[in-house]
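Here is a short briefing on one protein model.

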Amino acid sequence: MPTVRFSTSLFVLIVFCLPVAPQTPSAAPGDAHSLTVAVLDENGVAVQSAEVQLLGPILGPSHGPVEFQRCVTDPAGRCGFANVNAGPWGLRVEKEGFYLLTIPNIQISGALEVRIAHQQEVKETVNVVESPLAIDPSQVAAQEQLSGLDILNIPYPNTRDYRYALAFIPGIVLDPNAQPHIAGSETYQTLVLLDGFDVTQPANGQLLARVSTDALRAVKVETSRIPAQHGKGPAGVLGLQTGIGDDHYRFAVTNFIPSVQDKKGLALDKVNPRLTFSGPLEKGRIWFYDGLDGEYDNVVIVSPELPIGEDTDHIWRLGNLAKMQANLASRDIVTTSFLVNRLHDDHFKLSPAAPATTTPEDSEELYAASIKDQHSFGAEKLLEFGLAFNQYGLGQTPVGSAPYVLTPTQAQGNYFQTVRTTASRWQALANFYAAHEWHGRHDLMLGVDTDRLVFDQSSQRTPILSVRQDGSRARYSTFSGGPPSATYNTESSAYLQDRWTLFPRLLIEPGLRFDWDEIVRRPLFSPRLAGTYVLDNAGNTKISAGVGVVYESTNLFLIGQPLAGSRNDTFYDASGQLVTATALTTFMVDRSSLYAPRFLNWSLALEQRLPRQLFLKTEFLHRNSTQGFVYDSNASNATDFVLQNNRHDRYHSLTVDLRHPFRERYILTASYTRSNSRSNQVLDYSLDNLILSPQVPGPYPWDTPNRLISWGLLPFVKRFDAAYSLEFRTGFPFAIINSQQQLVEPPGAHRFPNYFSLNLHLEKRFDALGFHWALRGGFDNITDHHNPYAVNNVVGSTSFLTFSAFDSRAFTARIRILGRK
């Protein structure tokens, strides 16, 4: 395509013409020296944003005070010191998630290469120390993160699914379907990256990629001041980083013993084993990593509304992540990965309101593969190319052919829809980094990205009968259309970004991004400007601010909705008599009239290190959108829906975050967020969403004005550790409808009760039978606070406004083998 060729040609031209930072001239004998430090990890990969400290020489016979210099590594893992006087000098390198490195006596000129190792769950030597928590002066984006060890340490329900751990990252709210809503957004407004590649579901934008929690090295979330490198996600970027092997063979096994339950007699509960194995294929050059996880759940719902046989579900899932890294040369690193997910659910979304026979049989799969080549040439240039493919499949089938009936209290019959969808993405990317000196240091990055997306769908639907409490007809819906169809899109992007260090305490990050796709077909330019300023030489106080424009990627599910068919609705009065002629509901897209949804984000943050190793961060975020995609009814016909740019979202939040790390791996955290997430058109119409109403303003279903989260790991008695997690939030809003699925009260008129959950676990680590072991047990929702996930919102029902599907107290245990002694 012309735009793709233009972007790629421009990228290649700039790569070969961009000047390189001049090398620092050698110092004459007796003069001050210059030293460049290159920081790599244990596999030779450059480590960005590591803090390098030059210590010494020690003054005076009492060994103090110490002369001190500091620098932070760039994307190539390098930083330098000028005017280094005669030694001896020591070096200290630290970065969160790595072990601290100290070298007592180093060279004072030329180039010095050092390696730091990622933190491991089991230390191989007793004298290694974790890098302390610190304020990163080079971190411009509003970023929160959990390390892989944090995800393993935090107690939360469903520890086999990393998505539930996301709830303990400030700014992320999980809905009942385990979909994350970052900074008050729709899930599809977040860009999800797995080791740098886009794994967002290509059609509906959901987070469906599953990786073993034991395989994660870090989960990072950026909500504002996002660099120009990232687009398509106006809510932010969710980055999943997985592990890779090193020169030591390692393995870990988790939860290999099944659990039992006694809800309705003694029976198997679940088993969800996980296995990770890594090591060298060729020491110092080629490494592998494999993370396998499985799951079998025997779900039993205790509810008087569900008779025997309608209260049980069986779910199985299998996933595997395989990776390999090969250092083809000292400056050429190739990484490949392959992820597979398979899931089968006998009764998808079984609940007290949806007995087993009314739910569909659900099968899902994901295949994702990637390869990336990173090449460095010269001290200040880094180039990477990547290619990736992912494909999501979904199939749902009713368990019978009985008519599907919706009553005010419970569904009856068999599910109404048979559906098969496939969504795939091919992605090619290239990024280039170079440094240049001009009125300070410029770390320049530019890149291109091209994606090809395909969404295939086919469905068959049977009629739906809605009845009142007395059994009289209220509405009868039939469907037509839905043959096999395909929707395509090609996306092209390019960006240029500068990290301009005017002087050591001031960093400015301007950037410009270009996006284009074949559906909207309009050139989109997104300027960004952000910066940080460190107020003191000790680096204890930092101010960050930024503003930027972000465009949302085109949602293929919305574009393909007209191809799913149409619906005919017939309405009846209280006596069951026909009151209206058939109302035909259709969906239409006029691509020539569409504009890309545009978001303006700005934020301001203050970070401060307080006495006693207490870290405070306060962040204000405001996001305002225009031209949002939404189906709105045609002015002449209330059931003819046209995709328009009429939605305007507004989100703002104030977050106060406290962290207190102390000896070894122990930590306490707490975060409070006051926020508001609203839209002028909050309803999402679709063929399968039977709600009828003109568009209304209101809060989104995941709006939580007040939210407090906290978690920690503390030393207990006799070498036990105590881990806890806590979440309190305002209950989610919901709407009120009648038996005809017509809106009676808008979202926000009612809310679920406030949610509160405290999880408390104890863990003991010990050596036995030649292995390292970790045994954990504790209670989720230890206070047994009744947290409902469902409500009857149908006016006229005998159980109107009755909450159900409560989250009750549960005892859980975990056993892990962490490798050989």
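The side chains of Q143 and E222 make a polar contact at 3.2 Å. A polar contact is a pair of N or O atoms within 3.5 Å; within protein, one must be able to donate a hydrogen and the other to accept it, and residues adjacent in sequence count only if both atoms are side-chain atoms. The model is predicted: local features need pLDDT of at least 70, side-chain atom pairs count only at pLDDT 80 or more, and totals for chains, interfaces and linings use all residues. Residues are numbered from 1 along each chain as its sequence is written, and side-chain values use heavy atoms, with hydrogens and water left out.

**Around Q143**
- Q143 sits in strand β8, residues 142-147 (strands are DSSP E runs of at least two residues, helices H or I runs of at least four, numbered from the N terminus).
- Beyond four places in sequence, Q143 touches K220, V221, E222 and K617 (contact: heavy atoms within 4.5 Å).

**Nonpolar cores**
- The largest nonpolar core holds 45 residues; Y404, I464, Y631 and L643 have the most contacts inside it.
- Such a core joins buried Ala, Val, Leu, Ile, Met, Phe, Trp, Tyr and Cys residues through side-chain atoms within 4.5 Å; buried means under 20% relative accessible area with a 1.4 Å probe, protein chains only.
- Strand β45 gives this core its largest share, four residues.
- A second, separate core has 38 residues, including V221.

**Whole protein**
- The protein has three helices and 51 strands.
- Of its 821 residues, 55% count as buried.
- Its C-alpha trace spans about 100 × 65 × 45 Å along the principal axes.

Technical notes. Buried < 20%, exposed > 50% of the residue type's maximum accessible area, 1.4 Å probe, protein only.
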